[in-house]
Amino acid sequence: MRKSLKLGLGATLALTVSASSLFAENIKIAFIEPLSGFMASTGNSGLHQYEFAAEKLVNANGGVLDGDMIEIVAFDNKLSGKEALVQLQVAIDQGIRFIAQGNSSGIAHAILDAINKHNKRNPDDLVLFLNYSAVDPALTNDKCSFWHFRFDANADFKMDALTDVIAQNNDLSKVYVIGQDYSFGKAVAAGAVRDLAAKRPEIEIVGNELHPIGKVKDFTPYARKIIASNADAVITGNWGSDMVGLGKAVLESGFDGPIYTFYASADGITATFGEKGKGSLRVVSVDALNPNTSDRAAEYATAYKAKYPEGDLSQPRITNVVEMLAKAINEVGSATDIVAIANAFEGMEHDSIWGGKIVMRPEDHQAIQNMYILSHTDDDVAFDYDNSGYGLLVENTVEMAGADSTTTCEMKRP
Amino acid sequence: MEFFLVNLIDGLVYGLLLFMLSAGLTLIFSMMGVLNFAHASFYMLGAYFAYEISTYMGFWMGLLLAPVIVGIAGAGVERYGLRRVHQYGHVPELIFTFGLAFLIEEFVKFIWGNNLVPYREPAILDFALFSIGNNNIAAYKVFMIFVSISIFLSLLYILTRTRVGMVIQAALSYPRTVENLGHNVPMVFMGVFGVGTALAGLAGVIAGPQLSTFPGMAILLGSIVFVTIVIGGLGSLWGALVASLLIGWMTTFAASSSFQFADILLALGLEKPVEMSESALRDLWTLTLPQIGPILPYMLMVFILVVRPYGLFGKRDS
């Protein structure tokens, strides 16, 4: 008697739970990034941009399918691959099927590896990896996976676009490459040497140097060496305080050529450079906030600034991730048929709110899109960074960068 | 030659900056026997306070006020923190300052966030004063040299020529006797701690715009300051000066050199292997002096500890 009562209660409870979840079904994206520690500001800024994109671009327009809302669920990976895997498991256990991550390629590799295994073991409970920032080329080459899509350009594309611009500029004949002594810094150096030699062999690499990461107190001696080498341009993959330290020292020592960088914007960097970086500092990116291309983009950026006055749209490409996911789900007509959604992503063409088109290449799941060389300036900058009046303005555009690139990817499809 | 001269100046700037940090630390240590792990944190506080003040009242008020505020905070830490912990011995003191360093870092992150703050040189010093070859020497660097040297001279004057300095020096060696003569020794301790931290604060104020102001700046300089006072000899002002300049020049010249260890191997008659990954010496073949520059001061410290454990200018422990 008692047993059946318990059973009956349990059944009713289960029914009510499933019924309520039928009504308010949110499509969740797990955002697994560092939300504490020294990279916390980058993680939190990304989270805000995801939440805002989901709210403004999808939910405010009635959501996806029959009014389902996209919800961003934040998980703190503490900038550790191990912790990221724990959080990934928590997210999967909560029934979340879309994973967004991008800060650190090392963590991206760990997550991708875990997702590959999970999907192999649980064909009824598949998970998709939306990589919006991790640039290691291997993720769409040797390590490519059907469950992974990259919405940023990879490091090779960025270097390809950058060296295109340098090769076309006949004022530049001597280039100095300097970076942090770890995998990304070395990849930048190797890529620059390789691409420049192929595109314009007469360009001389007058310096190729690695410095200890996060350990250099005073960058002046490095700057002096760059001056002494008579370099016309500097290429660096530095980020954070290493970027600011190097950039300031080089500019103060009297260097007036271009400094080509990958991560010298927002998060306090733009404000710290200010007037000093104008005319020299360049950033290679797929994101272009200025010049403003459409009313829709302007309205979006203004609304973001109104909601987060201290924040910046440092990664505008996040809107593409959210919009393309909504598009794929609508096309498939289901948010749970992951294989169909992945197939919908393949070859998808999308007009970005920021202008330009994005094509998700089916062979390796790498987004092909315009790449920009942006200059740090306060002229014609409608949307600045760090509330400093300075921001990034498009200087050169490489149309559909990397479209003709080859990939070593041998995709295994389910 | 030009390059050498430029590096000489750069090394001087960095060395003098180190001196301002280590002078306070070495004074505090010699007087109170406290190794203040939070010393570099006061340096960071100086930079942040000056940044905050400079947004309202400009750089110069920051230069004036921030070290004073940091000094008062330091004196407060001594009076209400260290003095109470002191009775339990040196280990609790160490742990106290160690914890304080973490606390200050979290405080800074809490108030100003994780990002860099745009603390910049004042506009009137933001130009190239002169140039050697193609290298500009910023006016601000010369200003830094000027400030550091005047601090050194006034410290030297106070310690050796004034009554207060005499009391401090006496309290250093014979605290009990000085106390019996009617001087307030705890007060002297508090004053020295306050002045020491104020010096660190001042270093932060003038270094912030040059070396960027961010929550990691204390950790970045924290360990090298200890190296400086160990090399110079604990408690010696001259030692701190000489060691700071030595480290400044050493790291600057190492970073700006293009020396490769492969040259030594070649000179020894070895041949450069074609397949680097198979060579047992592959690390040595690709190593350059700038790469190991940051560890040179630590190697010097080990060397000094072996041949002269009490430091260059230190007095032998009795």
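Author: Two salt bridges link domain 1 of chain A and domain 2 of chain A; a salt bridge here is a side-chain nitrogen of Lys or Arg within 4 Å of a carboxyl oxygen of Asp or Glu. A:Asp287 and A:Arg317 form a salt bridge through their side chains, at 2.5 Å, N to O.

On the domain 1 side, β12 (357–361) and β13 (366–377) of chain A each give two or more residues. Strands are DSSP runs of E, at least two residues, and helices are runs of H or I, at least four, numbered from the N terminus. β13(A) gives the most, four residues. By class, that side has ten nonpolar, six polar and five charged residues. Ala, Val, Leu, Ile, Met, Phe, Trp, Tyr, Cys and Pro count as nonpolar, Asp, Glu, Lys and Arg as charged, and the others, Gly among them, as polar.

The model is predicted: local features need pLDDT of at least 70, side-chain atom pairs count only at pLDDT 80 or more, and totals for chains, interfaces and linings use all residues. Residues are numbered from 1 along each chain as written, chains are lettered from A and ligands numbered from 1 in the order written, and side-chain values use heavy atoms, without hydrogens and water.

Domain 1 covers 26–153 + 312–369, and domain 2 covers 156–288 + 371–401; the bounds come from an automatic or database assignment. Their C-alpha centres are 29 Å apart. In contact (heavy atoms within 4.5 Å) are 21 residues of domain 1 and 19 residues of domain 2. About 1,500 Å² is buried between them, 57% of it from carbon and sulfur atoms. Buried area is the accessible area (1.4 Å probe) that two parts lose on being put together, summed over both. A:Ala153, A:Asp312 and A:Gln369 lose the most on the domain 1 side, together 33% of what that side buries.

Now the chains. Chain A and chain B bury about 2,900 Å², 51% of it on carbon and sulfur atoms. A:Lys217, A:Arg224 and A:Glu252 supply 26% of the area that chain A buries there. Four salt bridges cross this interface. One joins B:Asp126 and A:Lys276 (3.2 Å, N to O).
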